[in-house]
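User: I would like to learn how to read features off a model. Please take me through one, step by step.

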Amino acid sequence: MPDSPSEMSKTVRNVLVLGSTGSIGTATINVLRNLNQVDPEHHWRLWGASAHSKSDALISIQSEALTWNPHCANKTPCRLLFSDKDLGNAFLSSHPHIPKATVGIGPESLIEAAQNPEVDAVVAAIVGRAGLESTLAAIEAGKRVGLANKETMVVAGPVVQKMAKTTNAELLPVDSEHSAIFQCMQGGTNRPKKIILTASGGPFRTWNKKEMSEATLESALSHPTWEMGPKITIDSATMMNKALEVIEARWLFDLPAESIEVVVHPQSIIHSMVEFEDGSVLAQMSPPDMQLPIQYALTYPNRLPCDSPAFDRSQNWGLELEVADRERFPALNLGFEVAKVGGTAGAVLNAANEEAVGLFLDGQIRFTDIVEGCRDVLANHHFESNPPLSRLLELDRWARSELRRRLKAS
Ligand code: NDP
Ligand code: MG
């Protein structure tokens, strides 16, 4: 059947999803499928998708995308990008019929894809510092970037912002707190007085220090309100996630650390708040589901029906706000310190944390070693206030080996 006139008048938005096989990647694919049902103006085409270890999941994404994108003029399947070279080469050898032009191999293929002129928007959903180069590439090419990969801002916030200003890239937050702040900021014309990041408090919100020192991997991975990848789930348990988000907010919104606050909100309904000069506080609320902030980053300034669960107001519900306990969760202090001093501190904290979380996930260190190790590495690095990207990457490598040395991990 030929496409109807209304379908033919739609414009295509080509989207590249970096880290498509993860928690945010999967939610992004759902968002694209939904947008093709609800957007009267655009076809949302999955142009390309990357994976690091899950080639089967990547193939499934490609074949499933063909079913929900039937009206696109260009029906070629999405490009498959393998950030891991060995996995990509193994995939090509076992699928000799797949046209080589539709497959990219190695981290450089993600960078090339992020800069391809056909691509309109990039969702940066790789976990950790591994997402830095491809996210920067998209910004360098002036794309709209839906930023889930907060580590890019933590490592290189000033570099990213400078580049985005030069290229006019649109950097839109996907992290639910930063999306909330971005949404609330549209309620005022001047800079906010304060931004208030909410934190669920994670699985150890009510635990004492001794209990936390004996925390098992299983308990640390049991997040009460969000389903996420393992690294950010551990970050939520230590509250390092909130520390990283303080730093992310500092650079994303160009606000001093003193203008940022953290409060604990166990229900994860209020995603963050903004306080304006007149004392008015605006909050963004919705059930904890990442599809909403992902979709908003793609469709901004438009709002369209979203597949996120709706607010259930049929039962009694309460919203609690608690003071964040920086003594039980010392990661928060590190976040504020790093947001204040900037320079090399973000790259060092991020690398030490990534390494420590990896060791905890491997069962090599205790839960409380994560933040203690990060604090030691941070305190012992040679701070520089205005480092180039190359120096930040050098310090990333240094902080990882220093963390292992201090925790005497193999
Ligand atoms: P996941 O662990 O679920 O997914 C990570 C993705 O990155 C996967 O696609 C994985 O590929 C890919 N990946 C892993 N290592 C590498 C590497 N070395 N090079 C290239 N790609 C790699 O993480 P999440 O989706 O939970 O998180 C992604 C980002 O979004 C993080 O920065 C996180 O902080 C942020 N975020 C996540 C939220 C959430 O709700 N999950 C909320 C807010 C922010 P493969 O699976 O094939 O190995
Ligand atoms: Mg968040």
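User: Let us begin with Met 163. Which helix holds Met 163?

Analyst: This is a predicted model. Met 163 sits in helix α7.

User: How is Met 163 classed by its accessible area?

Analyst: Buried means under 20% relative accessible area, and exposed means over 50%. Met 163 has 22%, so Met 163 counts as partly exposed.

User: What separation do the C-alpha atoms of Met 163 and Pro 387 have?

Analyst: Their C-alpha atoms are 15 Å apart. Along the chain, Met 163 and Pro 387 are separated by 224 residues.

User: Now the ligand. Which residues come nearest to ligand 1?

Analyst: Thr 21, Ser 23, His 52, Ser 53 and Glu 151 do. They belong to a set of 25 residues around ligand 1.

User: Which helices each supply at least two residues of that shell?

Analyst: Three can be named: α2 (23-38), α7 (150-167) and α11 (230-238). Helix α7 is also where Met 163 lies.

User: Which backbone atoms lie by oxygen atoms of ligand 1?

Analyst: Take them one by one. A polar backbone atom of His 52 is 2.8 Å from an oxygen atom of ligand 1. For Lys 54, a polar backbone atom is 3.0 Å from a ligand 1 oxygen. For Gly 22, a backbone N or O atom lies 3.2 Å from an oxygen atom of the ligand.

User: How much of the accessible area of ligand 1 does the protein cover?

Analyst: Ligand 1 on its own has 890 Å² of accessible area. The protein covers 88% of that.

User: Next, salt bridges. What is the general idea?

Analyst: Side chains of opposite charge can pair when their charged atoms come close. This structure holds 28 salt bridges.

User: What does the pair Asp 235 and Lys 231 look like?

Analyst: Their side chains meet in a salt bridge, with N to O at 2.8 Å. Both residues lie in helix α11, four residues apart, which is about one turn of the helix.

User: Are Asp 235 and Lys 231 buried or exposed?

Analyst: Apply the cut-off of under 20% for buried. Asp 235 has 1% relative accessibility, so Asp 235 counts as buried. Lys 231 has a relative accessible area of 12%, so Lys 231 is buried too.

User: Which parts does the salt bridge of Arg 400 and Glu 354 tie together?

Analyst: The closest N and O atoms of this pair are 3.2 Å apart. Arg 400 lies in helix α17 (residues 389-406) and Glu 354 in helix α15 (residues 345-361), so the bridge ties together parts 46 residues apart in sequence. Both Arg 400 and Glu 354 are buried.

User: How are Arg 391 and Glu 384 classed by accessibility?

Analyst: They form a salt bridge, with the closest N and O atoms 2.7 Å apart. Arg 391 is at 22% relative accessibility, so Arg 391 counts as partly exposed. Glu 384 is at 27%, so Glu 384 is partly exposed as well.

User: Which residues are joined into one network by salt bridges that share partners?

Analyst: Arg 129, Glu 133, Glu 354, Glu 355, Asp 396, Arg 400 and Arg 404.

User: Last, the surface. Which residues form a nonpolar patch there?

Analyst: Met 285, Trp 317 and Leu 319 do, with about 280 Å² of accessible area together. Leu 319 is in the loop between α13 (291-299) and β12 (322-323). Its relative accessibility is 33%, so Leu 319 counts as partly exposed.

Technical notes. Residues numbered from 1 in each chain as written. Chains lettered and ligands numbered in written order. Predicted model: local features only at pLDDT ≥ 70, side-chain atom pairs only at ≥ 80, totals over all residues. Heavy atoms only, no water. Patch = residues over 30% accessible without salt bridge, like charges linked within 9 Å, V, L, I, M, F, W, Y side chains within 5 Å. Areas by Shrake-Rupley, 256 points an atom, 1.4 Å probe, with all protein chains shown as cover. Salt bridge = Lys/Arg side-chain N within 4 Å of Asp/Glu carboxyl O. Buried < 20%, exposed > 50% of the residue type's maximum accessible area, 1.4 Å probe, protein only. Near = heavy atom within 4 Å. Polar contact = N/O pair within 3.5 Å; in protein donor to acceptor, adjacent residues only side chain to side chain.
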